[in-house]
Amino acid sequence: MAATGQDALLEHIREHWENTPYWRLLGITLEEARPGYALLRLPVRQEVQNAGGGSVHGGALASLVDVAVTALLWTVYDVGSEISGHTTAELNVSYLAPGRGGAMHAEARLVRKGGTLMTGDVDVKDDQGELVAKGRATYRVFRRRETPPKAVR
């Protein structure tokens, strides 16, 4: 039986996930997705912690924010049909507390969906629900009629 509604959306995004090596490297998983909302989980392992096994490295938290807004983008655009691609235009992260515990949880919410830009806000919390970081990312989206720019070598 085919998935419908939110289940279908979640499976569609997860299919893309499997083709993104960086996300797999970090171990980020998509836990929930619905239009304008995405919930992700980053397991805390030695590879994402600061030296000495302390808190989660800020770069890993910034990546979690960026990936959360990417997942959010997939909930509001039909990637492949409506848009041909996307890229991060701006990323801001405010670190509020050390990230400790078994996992970091990122809740992404849509701020604005436009013709060429999409912005999402992200709250990153630990397992106890303490706010560890707040982030915002803006993505440039490329409509089907546009060609995403080629990488400069």
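A residue is termed buried at under 20% relative accessible area, exposed at over 50% and partly exposed in between (1.4 Å probe, protein chains only). The structure is a predicted model, in which local features need pLDDT of at least 70, side-chain atom pairs count only at pLDDT 80 or more, and totals for chains, interfaces and linings use all residues. Residues are numbered from 1 along each chain as its sequence is written, and side-chain values use heavy atoms, with hydrogens and water left out. Of the 153 residues in the protein, 43% are buried.

The protein contains three helices and six strands, assigned as DSSP runs numbered from the N terminus (helices, H or I, at least four residues; strands, E, at least two). From the N terminus on, these elements follow the order α-α-β-β-α-β-β-β-β. Along its principal axes, the C-alpha trace spans about 50 × 45 × 25 Å.

A nonpolar core is defined as a set of buried Ala, Val, Leu, Ile, Met, Phe, Trp, Tyr and Cys residues joined through side-chain atoms within 4.5 Å. The largest such core has 42 residues, and Leu-40, Leu-73, Met-104 and Val-124 have the most contacts inside it. Helix H3 (residues 58-76) gives the most to this core, contributing 13 residues. Beyond its neighbours within four places in sequence, Leu-73 is in contact (heavy atoms within 4.5 Å) with Val-79, Ile-83, His-86, Met-118, Tyr-139 and Val-141.

Two charges were assigned to ring faces, the criterion being NZ of Lys or CZ of Arg within 6 Å of the ring centre and within 35 degrees of the ring normal. Arg-34 lies over the face of Tyr-37, 4.0 Å from the ring centre, and Lys-113 lies over that of Tyr-77, at 4.7 Å.
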